[in-house]
Amino acid sequence: MSDRQTWPFYNPPLVPPIVQTSVFQFASIAQLQAVADGETPGHIYTRWGNPNTDLVQNALADLEGAQQGWVFGTGMAAITAAMLSLCRPGDHIVAVGTLYGGTHMLFKEQLSQFGVETTFVTQDITAIQSALQPNTKVLFGETISNPKMELLDLEPLARLANENDLFFLVDNTFASPTLCRPLEWGVHGVMHSTTKYLNGHGDAMGGALVGEAAWIENVRAWALQLGALLDPFAAWLLQRSLQTLPLRMAAHSSNALRVADFLEAHPKVQTVYYPALTQPQLAAKYLPDGSSGMISFVVKGDPDSVVQGFRQIVLAPSLADTATTVSHPVSTSHRALTETERQQQGVPYEMIRLSVGIEPVETITADLAAGLDCL
Ligand SMILES: Cc1ncc(COP(=O)(O)O)c(C=O)c1O
């Protein structure tokens, strides 16, 4: 290779470049072997790791206070890899509280095909204790659950997990490490859909797992075969977004608290789910800097009339972007659940899930009022 084909990097750029390559080059077979054997640092093939994914997985591990991390193309890839790393045929999972519908279906429909069964229980500690079996390996829950915004009481659950030799895995997507760092409460592993607050701009999918180095090495072995690594460009976008995460989470949380108060006082609203209002003691303990931007509320009438009455707020079945959006759990995230499961989980047709953005809060409440006036 001529000198003209080497990188013209005489001094480093301020912003890391996007290393959009599928493969890396070597000067010799000896050098390739040294990298493959781990004797020299380096990258070989992007499915096995890339400078952009290295950078962002280290940043995420630091944010969560973890030894190591691994990033995935989506949150579902992360949770799938986590379960493949933790469970073997004949094992059992206890899943606590309401869960994102995709996770619920993974446990119920796919993992069961490999002989891994799940018991779904409420947050009641006695119910959780009685669900444990000799073959239970994993305790799973969402820090703030989707869609009922129930906060997990992490500390006693971590104690229970340790007493029973379980791996306690938590989906921290709705809280983000700015508001809650589950590992500090004794949780063993943390999962994220980085598609949500961590990326935060609605423009890139992603997932992550962080925890002890030995577990992440196991996860990595599965991730390499699944081929589920985050794309370098999405990793770069995520890295950029992390710089504003604390600012965004503060704005999402303070807006959401005002919006939750507004909804609770509104005559057309039956119930509001927001940790600072519904579980104030737990929220003070686990979310002292804010309860995040996610609210669910049940309206007294047809939720479609409300959604169609909004002028700015968009119906878009994701969450955690800078603009306020709404979703309808029964039609989207919890669509695959049976009617009985939805009733058990308390997810009625009239429930609207609101992702409060960072716009001036008065514009959000004015638009909510306009929608609710349509009932
Ligand atoms: C709490 C939670 N976990 C996991 C996921 C799955 O993430 P992804 O869509 O990035 O695969 C979602 C998606 O909405 C979610 O809300």
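1. Basis. The model is predicted, and local features need pLDDT of at least 70, side-chain atom pairs count only at pLDDT 80 or more, and totals for chains, interfaces and linings use all residues. Numbering starts from 1 along each chain as its sequence is written, and side-chain values use heavy atoms, with hydrogens and water left out.

2. Domains. The chain is divided into domain 1 (29–242) and domain 2 (245–372); such bounds come from an automatic or database domain assignment. Taken over C-alpha atoms, the two domain centres are separated by 25 Å. At the interface, 38 residues of domain 1 are in contact with 41 residues of domain 2, where contact means heavy atoms within 4.5 Å.

3. Nonpolar cores. A nonpolar core here is a set of buried Ala, Val, Leu, Ile, Met, Phe, Trp, Tyr and Cys residues joined through side-chain atoms within 4.5 Å. Buried means under 20% relative accessible area, exposed over 50%, and partly exposed in between (1.4 Å probe, protein chains only). The largest core has 57 residues, of which Leu60, Val94, Ile128, Leu139, Leu154, Phe168 and Leu242 touch the most other members. This core lies between domain 1 and domain 2 because both give residues to it. A second, separate core has 30 residues, among them Trp70, Leu86, Leu106 and Ile216.

4. Phe168 and Val170. Not counting residues up to four places away in sequence, Phe168 touches Leu139, Leu152, Leu154, Leu157, Ala158, Ala161, Val187, His188 and Gly189. Val170 lies in strand β5 (residues 167–171); helices (H or I, at least four residues) and strands (E, at least two) are DSSP runs, numbered from the N terminus. Val170 is buried, at a relative accessible area of 0%. With neighbours within four places in sequence left aside, the contacts of Val170 are Gly141, Thr143, Leu152, Leu154, Pro182, Val187, Gly189, Val190 and Met191.

5. Largest pocket. Its space comes to about 440 Å³. A pocket is an open set of points on a 1 Å grid over the protein atoms alone, where a 1.4 Å probe fits, with protein on both sides within 12 Å along at least five of seven lines; lining residues have an atom within 4 Å of a point. Grid points are joined across faces, edges and corners, and the volume is the space filled by probe spheres set on the points. The lining has 20 residues, and the closest to the pocket centre are Gly42, His43, Trp48, Asp54 and Arg220. At least two lining residues come from each of α1 (29–36), α2 (51–64), β1 (68–72) and α8 (213–226). By type, the lining has eight nonpolar, nine polar and three charged residues (Ala, Val, Leu, Ile, Met, Phe, Trp, Tyr, Cys and Pro count as nonpolar, Asp, Glu, Lys and Arg as charged, and the others, Gly among them, as polar).

6. Backbone points to check. Most residues other than glycine have a negative phi, and most peptide bonds are trans. The bond joining Asn146 and Pro147 is cis, with omega about 10°. Pro147 is in the loop between β4 (136–142) and α6 (154–163). Met149 also lies in the loop between β4 and α6, has a positive phi near 55°, and is buried at 0% relative accessibility. Ala320, in the loop between β10 (314–315) and β11 (325–327), has a positive phi near 75° and is buried, at a relative accessible area of 0%.

7. Glu339. This residue lies in helix α14 (residues 339–345) and counts as partly exposed at 49% relative accessibility.
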